[in-house]
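Let's take a friendly look at a protein and its charged side chains. Keep the sequence and the model side by side as you read.

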Amino acid sequence: MEEELTYEQALEKLERLANAMEAGEIGIDEMAKSLKEAGRLLDYCKQRLTCAEKNCNSLLNAEENV
């Protein structure tokens, strides 16, 4: 990703893209490009969620050791 998105921004872009695909607003020529972008957004969202989960677990573990 060229720009650093928040999780919410990436998810919103992914939802808009999925809605456009489902509504048939994206032509065949753009479909491959759109699917590639959707894959990148999905990977990015998964990465952000994994990072947030690790941070939460670290905080919880630190709190238990206090």
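Arginine 40 and glutamate 37 sit three residues apart in helix α2, about one turn of the helix. Helices here are DSSP runs of H or I with at least four residues, strands are runs of E with at least two, and both are numbered from the N terminus. The two side chains form a salt bridge, their closest N and O atoms being 2.7 Å apart. That term means a side-chain nitrogen of Lys or Arg within 4 Å of a carboxyl oxygen of Asp or Glu.

This is a predicted model, in which local features need pLDDT of at least 70 and side-chain atom pairs count only at pLDDT 80 or more, while totals for chains, interfaces and linings use all residues. Residues are numbered from 1 along each chain as its sequence is written, and side-chain values use heavy atoms, leaving out hydrogens and water.

By this rule, the count comes to three salt bridges:

| Salt bridge | N to O distance |
|---|---|
| Arginine 40 and glutamate 37 | 2.7 Å |
| Arginine 16 and glutamate 12 | 2.8 Å |
| Glutamate 4 and arginine 48 | 3.3 Å |

Glutamate 4 lies in the segment before α1 and arginine 48 in helix α2 (residues 28-64), so this pair ties together parts that are 44 residues apart in sequence. Arginine 16 and glutamate 12, in contrast, are four residues apart in helix α1, separated by about one helical turn.

How open are these residues? Glutamate 4 is exposed, at 64% relative accessible area, while arginine 48 is partly exposed at 33%. Buried means under 20%, exposed over 50% and partly exposed in between, using a 1.4 Å probe and protein chains only.
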